[in-house]
There are 2 protein chains.
Amino acid sequence: MASLKVPATVPSPEEDAKQLNEAFKGWGTNEGVIISILAHRNATQRNFLRTVYAANYKKDLLKELDKELSGDFERAVMLWTFDPAERDAYLAKESTKMFTKNNWILVEIACARSALDFLKAKQAYQARYKTSLEEDVAYHTSGDLRKLLVPLVSTFRYDGAEVNMMLAMLEAKMLHDQVEDKEYNDGNLIRILTTRSKAQISATLNHFKNTYGTSITKYLKKDSDNEYVQLLKAIIKCLTYPEKYFEKVLRQAINKVGTDEWGLTRVVTTRAELDMERIKEEYLRRNSVPLDRAIAKDTHGDYEEILLALIGHGHA
Amino acid sequence: MASLKVPATVPSPEEDAKQLNEAFKGWGTNEGVIISILAHRNATQRNFLRTVYAANYKKDLLKELDKELSGDFERAVMLWTFDPAERDAYLAKESTKMFTKNNWILVEIACARSALDFLKAKQAYQARYKTSLEEDVAYHTSGDLRKLLVPLVSTFRYDGAEVNMMLAMLEAKMLHDQVEDKEYNDGNLIRILTTRSKAQISATLNHFKNTYGTSITKYLKKDSDNEYVQLLKAIIKCLTYPEKYFEKVLRQAINKVGTDEWGLTRVVTTRAELDMERIKEEYLRRNSVPLDRAIAKDTHGDYEEILLALIGHGHA
């Protein structure tokens, strides 16, 4: 369930655009107005608002925000205001660049979105960067990581709920043989994780657990200091239990000395319209502190305000 | 979230009572009418209906149902029609008797209800059986099981969300020392699990996981062939992750050769008004088959119909 709160009666995009335009005027910027509008509009409403803003004020709303804001608050507002596909394209591009390299983000985009949303992100990537995500990932990786990540970002999985139980049994055995021999970079394991539907992979891993008495991630845990194996675990978690995966990203971002604002902003902006309510539930269960309180303790000012608004704090 | 579906406009209890009374008349019984009414009324509505039935027809609705129905269908209708506190009292009584002994049910009632609901169940137990649950459990158990179960059913936990983090750290260490030495029947472990609030126990077990890198249930797993240790695990699961606990009870009830109808009926009737939607989600995730399809495959007739109605299948 989404945490985003949209008011019962939403002002017209013309009115929203006017308020934002006024908030940018003069010396100071009225951050409160920016939060009160943008953090309470869904993706369709934000898109419409950007179109109307461009038409009425001959300026790109995102560029205006970029000019007026700064720091973590700017990054949160920008990432949030993006259309989800555009945002994923932007994050994917960043994560293949040298200084902001982050293979976990590629895993999240490829595995914790619906097949269609992931496809739209790849289309947005091509429209914006004039290259394909596949070729950029292939170019920037090598060895085992390339063998895993290129098929992962190339796939367009079937998204239905149907499951072939015979196939699940067969492939559970294949996976078991491989992880027992620690052949983590073998073709079958990569093939199964990168091409099968989420429902089918879930069935295979359930069968694995029923037959061998332990989950596949337990096997992988023994070798978890290796990035390749950690990515395998992240792929499995994103495909089968995304709210637990994101709970852990938040926990590590918040518990880190100095807070990992990029991780925090990424999870909040990409999940607020999807399953943030479930992530909050898992967060409370695992940390015994509500997420809003943990965020309020580690952040401040406008950055704190927008994160809290997006996770459903206060009124729309 | 509850799976129970109540229609938007509920007939008056007089009308419901009349329909039921007619369904009982003559040679046959109209099971369809019984399901269409009882399986779509919440606890308050069912209670009111019983009162009106007694007033208008001078008969106890439960006794009428008992007379007219039989088998698994009867048990499901009876358990469901009970008020939740009455139902828990009934199940608790059964579970202390020789032929229907089941310590897991005691754990469920003591740990997977709110503190207040558990207290109401104990009051209903005293009203109905003229003894206390505590004395009956103490009388029917011995040794380590008594050391664990008597304080468990005696407790009236604090139900608030406040957590003392210093205490959680301290008690996590206590628990770790004990489970490492396999002193599972030691006073501190029992004291913590039977007296602390759910939020506090959750904080302690989270701290345990953060500090020792593994959950307490992993330690207990090594000795899981012993009933006492299995009960400890069930207590922890019911206190911290009830939807996963009940998913497992359902999985084992359904996968058993011949199906464990008592387990199936118990979980459906006790959770339909609480968190059955979450249990269904976990069931699908863990078994790759929706719960309704699994139930339809393993049961039939009126028994199947009432279970499906209670887990939210079809229209109210």
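Trainee: At roughly what angle do the axes of helix α9 and helix α10 of chain A cross?
Mentor: This is a predicted model. Helix α9 covers residues 133–140 of chain A, and helix α10 covers residues 143–154 of chain A. Their axes come within 9 Å and cross at roughly 175°.

Trainee: Which residues in α10(A) does α9(A) meet?
Mentor: From α9(A) come Leu133(A), Glu134(A), Val137(A) and Ala138(A). By class, the contact has 6 nonpolar, 1 polar and 2 charged residues. The partners in α10(A) are Arg146(A), Leu149(A), Val150(A), Val153(A) and Ser154(A).

Trainee: How do α9(B) and α10(B) lie to each other, roughly parallel or roughly antiparallel?
Mentor: In chain B, helix α9 (residues 133–140) and helix α10 (residues 143–154) have axes 9 Å apart. They pack at an angle of about 175°. α9(B) and α10(B) are therefore roughly antiparallel.

Trainee: How many nonpolar residues are in the contact of α9(B) with α10(B)?
Mentor: Leu133(B), Glu134(B), Val137(B) and Ala138(B) meet Arg146(B), Leu149(B), Val150(B), Val153(B) and Ser154(B). The contact holds 1 polar and 2 charged residues. The nonpolar residues number 6.

Trainee: What area is buried between chain A and chain B?
Mentor: Start with the contacts: 22 residues of chain A touch 22 residues of chain B. Carbon and sulfur atoms give 31% of the buried area. That area is about 1,600 Å².

Trainee: Which three residues supply more than any other three of the area that chain A buries against chain B?
Mentor: Together they supply 36% of what chain A buries there. They are Arg285(A), Arg286(A) and Ser288(A).

Trainee: How do α18(A) and α13(B) lie to each other, roughly parallel or roughly perpendicular?
Mentor: Their axes are 7 Å apart, and the packing angle is about 80°. Angles of 65 to 115 degrees count as roughly perpendicular. So α18(A) and α13(B) are roughly perpendicular.

Trainee: How many charged residues are in the contact of α18(A) with α13(B)?
Mentor: α18(A) brings Arg285(A), Arg286(A) and Asn287(A). α13(B) brings Ser202(B), Asn206(B), Lys209(B) and Asn210(B). Of these residues, none is nonpolar and 4 are polar, leaving the charged count at 3.

Trainee: Which element gives the most to the lining of the second largest pocket?
Mentor: That pocket has about 1,000 Å³ of space. Of its 36 lining residues, the closest to the centre are Glu281(A), Leu284(A), Arg285(A), Thr240(B) and Pro242(B). Chain B gives two or more residues from each of α13 (198–212), α15 (227–240), α16 (242–255) and α18 (276–287). With 5 residues, the element that gives the most is α18(A).

Trainee: How many charged residues are in the lining of the second largest pocket?
Mentor: By class, 15 lining residues are nonpolar and 5 are polar. The charged residues number 16.

How values were computed:
Residues numbered from 1 in each chain as written. Chains lettered and ligands numbered in written order. Predicted model: local features only at pLDDT ≥ 70, side-chain atom pairs only at ≥ 80, totals over all residues. Heavy atoms only, no water. 1 Å grid on protein atoms, 1.4 Å probe; cavity = no way out; pocket = protein on both sides within 12 Å on 5 of 7 lines; lining within 4 Å. Points joined across faces, edges and corners; volume = space filled by probe spheres on them. Helix = DSSP H or I, 4+ residues; strand = E, 2+ residues; numbered from the N terminus. Nonpolar A, V, L, I, M, F, W, Y, C, P; charged D, E, K, R; others polar. Axes fitted to C-alpha atoms, helices over the stretch in contact; angles between N-to-C directions. Contact = heavy atoms within 4.5 Å. Buried area = accessible area lost by both parts, 1.4 Å probe. Parallel < 35°, antiparallel > 145°, perpendicular 65-115°, else oblique.
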